[in-house]
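Please take a moment to look over the sequence and the fold before reading on. The paragraphs that follow go from the whole chain to its parts.

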Amino acid sequence: MNRFSRGSSDAAASGDDRGQLVLVSGAVVVVALLTLLVVHAQLGFAGVTETAEAPPLDDIVETTEDAVELATAGVAGRYDWAERDAAVADFRSRLNPALTNVERARPGGVALTTNDSAASGWALRNCPDGPSREFGPCVADDGVVVQERAGETTVVAVLVDVRIATPRSRTDLTVAARPN
């Protein structure tokens with residue numbers, strides 16, 4: 001530390017020393033606070049995080065079933081059995097945007113597609129029939145199972161492949177969504 005002497009007074013020299021000491025102390029405090037600020041900023045930054053968590057499967061299945069229910073309500077009672085191709089096309093035009101919305105609503109990799117071969121198998125094994133049910137045969141068309149009931153086309157089930165992929169895992173399953 002430099003000592004400036006402006007004459008012979010010790011009191012004046014002592015006051016200058018205190019002023020310089022206060023100035024240096026203030027500079028040390030400022031440097032310490034800046035260091036703390038930089039460290040705090042670095043520790044507080046979490047960086048860009050990717051979600052490794054898979055979306056809840058139950059939630060996706062439930063939302064898919066709701067989409068099938070809504071699409072079915074739009075075509076119920078509107079098509080004769082002879083018009084079943086048009087009924088399935090109308091149903092698909094209502095279901096596909098809803099499935100796309102389900103995919104987009106979930107972060108990460110969720111893919112939903114209808115499964116025609118699974119629908120054919122489901123139609124053979126699970127087509128509603130019995131003594132108190134006088135329904136016609138089930139037909140699978142583009143993943144949609146329809147049945148003739150009282151001359152009308154009725155959507156019975158939709159087989160949807162659900163694929164959920166994250167960086168750590170992948171889940172594939174086929175869901176039979178049945179409207180009520």
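Among contacts in the chain between residues at least 6 apart in sequence, what percentage join residues at least 24 apart? The share is 54%, a value computed, like the others here, from a predicted model. The chain has 180 residues, of which 29% count as buried.

Helix α2, which covers residues 57-75, packs with helix α3, which covers residues 84-105, at an angle of about 150°, and their axes are 9 Å apart. Angles over 145 degrees count as roughly antiparallel, and α2 and α3 are therefore roughly antiparallel to each other. Their crossing is right-handed. On the side of α2 the contact is made by Ile60, Thr63, Thr64, Ala67, Val68, Ala71, Thr72, Gly74 and Val75, while α3 brings Ala87, Asp90, Phe91, Arg94, Leu95, Ala98, Leu99 and Val102. Sorted by class, the contact of α2 with α3 has eleven nonpolar residues, four polar ones and two charged ones.

Helix α2 also holds glutamate 65, a residue that is partly exposed, with a relative accessible area of 34%. When residues up to four places away in sequence are not counted, glutamate 65 touches Val175 and Ala177.

The next stop is helix α4, which spans residues 116-126. Its buried residues are Ala119, Gly121, Trp122 and Ala123. What covers them includes the strands β2, β3, β4 (152-165) and β5 (170-177).

One of these strands, β3 (residues 144-149), is the place of valine 145. Is valine 145 buried or exposed? Valine 145 is buried, because its relative accessible area is 0%, and the cut-off for buried is under 20%. Leaving aside its neighbours within four places in sequence, valine 145 is in contact with Ala119, Trp122 and Ala123, with Cys138, Val139 and Ala140, and with Thr154, Val155, Val156, Ala157 and Leu159. Valine 145 and arginine 178, for their part, are 33 residues apart in sequence and 9.5 Å apart in space, again from C-alpha to C-alpha.

The last feature is a covalent link. A disulfide is a covalent bond between the sulfur atoms of two cysteines. The structure holds one disulfide, formed by cysteine 127 and cysteine 138, whose sulfur atoms are 2.0 Å apart. Cysteine 127 lies in the loop between α4 and β2 (138-141), whereas cysteine 138 lies in strand β2, so the pair ties together parts that are eleven residues apart in sequence. The torsion about the S-S bond of cysteine 127 and cysteine 138 is about 85°, and the disulfide is therefore right-handed. Cysteine 138 is buried, with a relative accessible area of 16%, and this cysteine is also one of the residues in contact with valine 145.

Notes. Residues numbered from 1 in each chain as written. Predicted model: local features only at pLDDT ≥ 70, side-chain atom pairs only at ≥ 80, totals over all residues. Heavy atoms only, no water. Disulfide = S-S within 2.5 Å. Helix = DSSP H or I, 4+ residues; strand = E, 2+ residues; numbered from the N terminus. Buried < 20%, exposed > 50% of the residue type's maximum accessible area, 1.4 Å probe, protein only. Axes fitted to C-alpha atoms, helices over the stretch in contact; angles between N-to-C directions. Parallel < 35°, antiparallel > 145°, perpendicular 65-115°, else oblique. Left-handed = near helix turned anticlockwise from the far one by under 90°. Contact = heavy atoms within 4.5 Å. Nonpolar A, V, L, I, M, F, W, Y, C, P; charged D, E, K, R; others polar.
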